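This briefing sets out selected features of one protein model. Please consult the sequence and the structure alongside the points that follow.

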Amino acid sequence: MPVPAIFDRLRIPVIGAPLFIVSNPDLVIAQCKAGIVGSFPSLNARPQSQLDEWIHQITEELAAHDRDHPDAPSAPFAVNQIVHRSNDRFEEDMMTCAKWKVPIVITSLGARTELNDAVHGWGGITLHDIIDDRYARKAIEKGADGLIAVAWGAGGHAGRLSPFALVQEIRQWFDGPLALSGAIATGGAVLAAQAMGADFAYIGSPFIATNEARAMDSYKAGIVEGRAADIVYSNLFTGIHGNYLRGSIVAAGLDPDNLPEAGPEAMNFQSATGAKAWRDIWGSGQGIGVLDKVSPAGELVARLVKEYAEARKRLAL
């Protein structure tokens with residue numbers, strides 16, 4: 001199955017992952033102008049009415065960019081929907097996405113046939129994130145157009161499988177759009193993801209350390225200063241296993257080497273110091289060791305493009 005034409009505008013086969021709390025219109029617009037898919041979780045827009053304002057801003061600014069730069073049009077943007085039944089904004093957020101005919105909808109924590117049908121109805125496509133082959137098959141059965149394989153080492157909620165194992169299993173039966181997530185932070189790693197069988201690299205944590213990201217300076221500094229060994233995998237904070245920065249766990253008054261397993265209260269976790277997941281306990285993938293500064297998102301994408309071209313040249317591709 002060919003990659004949908006909606007991705008033809010990409011300078012490099014990269015999708016910027018939606019970052020809870022961190023992603024915002026400024027970051028998405030910068031990513032799309034630079035030539036990669038920019039995305040944000042719908043729940044980042046609060047109150048719900050702000051979602052309409054955000055998508056309006058993104059749509060207008062990208063349209064203006066395209067008028068001014070016909071030879072270098074922007075990449076499409078995506079909105080991430082949490083499909084889990086606990087999301088009481090789901091219906092309203094989907095109505096807002098339908099109003100603006102959002103080109104790409106990324107779905108997480110559940111798959112719904114009615115969502116895929118709705119997005120297809122307005123001409124968009126859906127990508128569903130999964131952590132293993134079983135969930136991948138369910139997503140496609142329910143009508144998703146493509147998959148995001150969230151492998152070991154990805155930031156935030158992440159799976160336990162090697163990217164090699166995960167992509168290999170999916171490609172045995174699925175030839176549609178496939179993105180790979182997990183410690184990808186260089187142009188060479190983007191090319192490696194393609195060599196394994198993915199169509200796109202799905203990159204999140206490096207964009208936390210950008211000027212446009214809505215993250216505290218201390219969070220951005222933690223990303224820049226961190227290494228793979230500083231990432232802790234735990235389900236304590238949300239009930240779902242994910243990767244977090246060790247320093248933020250310590251700052252919350254917890255021992256990152258002795259975290260208990262989550263109980264039923266995990267979705268509302270709060271430490272004795274008042275620290276909460278995502279706000280104070282920061283998600284991050286294992287690929288951050290190559291970052292050495294906070295930079296504009298466009299500069300980060302330009303580095304990825306340069307490294308990607310160099311990697312292809314080394315391999316005479």
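Helices are DSSP runs of H or I with at least four residues, numbered from the N terminus. In these terms, helix 2 gives the most to the lining of the second largest pocket, with five residues. The model is predicted.

**Second largest pocket**
- The volume of the second largest pocket is about 160 Å³.
- Its lining consists of Ile6, Arg9, Ile58, Thr59, Leu62, Ala63, Asp66, Ser74, Ala75, Pro76, Phe77 and Pro103.

**Nonpolar cores**
- With 48 residues, the largest nonpolar core has Ile170 and Phe207 as the residues with the most contacts inside it.
- Seven residues of this core come from helix 10 (residues 297-314), which gives the most to it.
- A second, separate core comprises 21 residues, including Ile55, Ile58, Cys97 and Trp122.
- Leaving aside neighbours within four places in sequence, Phe207 is in contact with Leu19, Leu27, Gln31, Ile36, Ala213, Ala297, Leu300 and Val301.

**Gln81**
- Gln81 belongs to strand 3 (residues 77-82).
- Because its relative accessible area is 0%, under the 20% limit, Gln81 counts as buried.
- The side chains of Gln81 and Ser42 are joined by a polar contact of 3.0 Å.
- Not counting residues up to four places away in sequence, Gln81 touches Ser42, Asp93, Met94, Cys97, Val105, Ile106, Thr107, Ser108 and Leu115.

**Backbone features**
- Most residues other than glycine have a negative phi, and most peptide bonds are trans.
- The peptide bond that joins Arg46 and Pro47 is cis, with omega about 5°.
- Pro47 is placed in the loop between strand 2 (38-41) and helix 2 (49-68).
- Lys101, a residue other than glycine, has a positive phi near 50°.
- The loop between helix 3 (90-100) and strand 4 (104-108) holds Lys101.
- Lys101 counts as exposed because its relative accessibility is 51%, where the limit is over 50%.
- Trp278 is likewise not a glycine, and its phi is positive at about 75°.
- Trp278 lies in the loop between helix 9 (246-251) and helix 10.

Notes: Residues are numbered from 1 along each chain as its sequence is written. This is a predicted model: local features need pLDDT of at least 70, side-chain atom pairs count only at pLDDT 80 or more; totals for chains, interfaces and linings use all residues. Side-chain values use heavy atoms; hydrogens and water are left out. A nonpolar core is a set of buried Ala, Val, Leu, Ile, Met, Phe, Trp, Tyr and Cys residues joined through side-chain atoms within 4.5 Å. Buried means under 20% relative accessible area, exposed over 50%, partly exposed in between (1.4 Å probe, protein chains only). Helices (H or I, at least four residues) and strands (E, at least two) are DSSP runs, numbered from the N terminus. Contact means heavy atoms within 4.5 Å. A polar contact is a pair of N or O atoms within 3.5 Å; within protein, one must be able to donate a hydrogen and the other to accept it, and residues adjacent in sequence count only if both atoms are side-chain atoms. On a 1 Å grid over the protein atoms alone, a cavity is a set of points where a 1.4 Å probe fits but cannot get out, and a pocket is an open set with protein on both sides within 12 Å along at least five of seven lines; lining residues have an atom within 4 Å of a point. Grid points are joined across faces, edges and corners, and a volume is the space filled by probe spheres set on the points.
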